[in-house]
Amino acid sequence: MKKTICLLVALCLSLVVSFARPTPVDELLERIDRGASAKFKIELVKGAKDFFELDQAGKRVVVRGNSWVNIASGVNWYLKYYAGIHLTWNQMQAKLPDVLPVVARKERHETDLTLRYAFNYCTFSYSMAFWDWKRWEQELDWLCLHGVNLPLAIVGEECVWRNMLLKLGYSDEEVGKFIAGPAFLAWWAMNNLEGWGGPLPLSWYERQEKLQKQILARMKRFGMHPVLPGYCGMVPHDAKERLHLNVADAGLWNGFQRPANLMPTDPRFAEIATLYYNELTKLFGKSDYYSMDPFHESHDNAAIDYAKAGEAMMAAMKRVNPKAVWVVQGWTENPRPAMIDNMRVGDLLVLDLFSECRPMFGAPSIWKREEGYKQHEWLFCLLENFGANVGLHGRMDQLLNNFYSCKEHTLKGIGFTMEGSENNPVMFELMSELPWRPEKFTKEDWVRQYVKARYGVKDPAIEEAWILLAQTIYNCPAGNNQQGPHESIFCGRPSLDNFQASSWSKMKNYYDPASTLEAARLMNSVAEKYRGNKNFEYDLVDITRQALADQARLQYQRTIGDYKAFARQAFDKDAERFLQLLLMQDKLLGTCSEFRLGHWTQAARNCGTTPQEQDLYEWNARVQITTWGNRYCADTGGLRDYAHKEWQGLLKDFYYVRWKTYFDALAAQMKAQMAPQPELLGGGPNASKTAAELFKMALPQEVKLDYYAIEEPWTLQHNVYTSAPEGSPIDVSREAIHLLLTPTK
């Protein structure tokens, strides 16, 4: 009898402990604000549809839903639209009121879009290359609050490959020549390059394996479905000779040697794929979703049977988990119809990567496929940012129009597929709400709600500024296919016709620079009232930064006009003002840690366990945001400045040096032209020249500078940049606006 009673008591105690254990959402709330979970009542209930519901129980706010992620979405909705608290990358913690605002009437939101995806392979290098667990924990909270239940999880993929290659007979040295460095792992994983930025030390593999296990554990705690990296046939480019495999040579990618593609008809394809999945499963477990993007950014190859390749990849994945779904990016040629046409419904999920601009399905675009993805399910995705470039940018009308016009077309959900995160929070907030808003709305109505939620106040000046931005810079129109933000004039290699900073931006003017200046003026006009409001201060700096960059583009045009007009004194004055604006930009961005180079380079060095490792990681960090590759890949391949940044420290020590060198060269040329120039006379070596040739010699000649020689030394330096902000965002923004609004004498 006593034994039975003891067992019953133990059972009851275990039930109490189990019942008392905080939910994943309670834990998230505690990370937002200690004690916050006591102010909420979290209820996980069954539901035929994905939903969240806001309600009231006494003094506690009730948030219920049919999954932890949906409940977290409800928490985020409540915090924004009831408490005036907006959580995003620049602010993932906040002080909640002692007594929360009451939910006077039950509010329910539901959706049929059950899959909400996050990340692009590029995000893991452009933004996350050096993140530690503390930063990842914040990102996972952000994902949960924004409804993501299908995150790409490729941290530590290099650990799987190292183990696999060693078992295939490669040495540690050979592995080091194949796997890329931390800042370039994404393009190695996408079959674009080998070895650049490496070799990786053993401590890196140990670090990333531990980090991925922490990430996966938290994802599963939230009830998310991690998308693990699958095997799509990539092998080292020497695998034909080294392993006696039948491979298709993938050639070069912007000057880099690409890995080869193992032919699906090779008898060893299944063997190597199985070896890969065994190592993946051993380290990180199995998944219901695997990401594979074969033949990424490559021309069609007649030697490849794409149908058989797809069959071989699908079969290898299904051997691991018969229920698994292949997740593939809809990007340029991919997924090739021949590869997916014969696949079963439900086995493939396509990410329409750039749905807000170049959708392949559902809305007009230059990439539209008339039959879309046919029988296959797909996700409507927001790319928004390329290269993690800094700049205000969005396509609000296009996003809304494209989304609401295609909801019925085998659409399974949405995705955040940015190349770089931690920018333009307004666009990602808008995207995250679309599944929960069944009826189309106007950008103006939504922005008014957003502004009040973001700052916790309703201010006419702020509202006017944001409506102006929503109608101009955040409303890039259909037909403009530029990739990401309007690039800053400061960040491009100087020339007489500087416009785009990077090679593939396809940038095209679509808004009047007076609009960003007016928005910055309006924000600054009320800034003193919001001193200490972190969201306001971040946006104030970002909007003022945009105004500075836009006005500097006008200043550049004046300076080049002076040069072409041979107005020496005006050129000196205007060139000096341009450089003054650049240095003001550096000072302004120094007031926010998010806009400081130090937050990137410090994180890189923190990954190292020895001075040599720290130097390698810092070199990775510096190269990625400047030259990107070696001389050939940077210049001929066109990769330089692709990941350019308007960051404090980089502006002053890198971009300023380029522009000062260029303007000095133009000034020297103009000075030389004032002296007698016998080479333009008819005699001597020019005696045989035609009139047209002599005329051409008399025209201003473009200054030719070896920019790579100017840039590379900076990538090799180790001068310290810190992430600690300097100065007040309010005060320095006011100083910047004063400079912009003060006419030059």
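1. Among contacts in the chain between residues at least 6 apart in sequence, 76% join residues at least 24 apart; a contact requires heavy atoms within 4.5 Å. This is a predicted model, in which local features need pLDDT of at least 70, side-chain atom pairs count only at pLDDT 80 or more, and totals for chains, interfaces and linings use all residues. Residues are numbered from 1 along each chain as its sequence is written, and side-chain values use heavy atoms, with hydrogens and water left out.

2. The chain contains 27 helices and 17 strands, taken as DSSP runs (helices H or I, at least four residues; strands E, at least two) and numbered from the N terminus.

3. Along its principal axes, the C-alpha trace spans about 120 × 70 × 55 Å.

4. Of the 745 residues, 61% count as buried, that is, under 20% relative accessible area with a 1.4 Å probe, protein chains only.

5. Asp352 lies in strand β15 (residues 348-352). Asp352 is buried yet has no salt bridge, and the nearest side chain of opposite charge, Arg369, is 7.2 Å away. A salt bridge here is a side-chain nitrogen of Lys or Arg within 4 Å of a carboxyl oxygen of Asp or Glu. Leaving aside residues up to four places away in sequence, Asp352 touches several residues, including Phe361, Tyr373, Trp378 and Phe380.

Key. Buried means under 20% relative accessible area, exposed over 50%, partly exposed in between (1.4 Å probe, protein chains only). Lys and Arg count as positive and Asp and Glu as negative; His and the chain ends are not counted.
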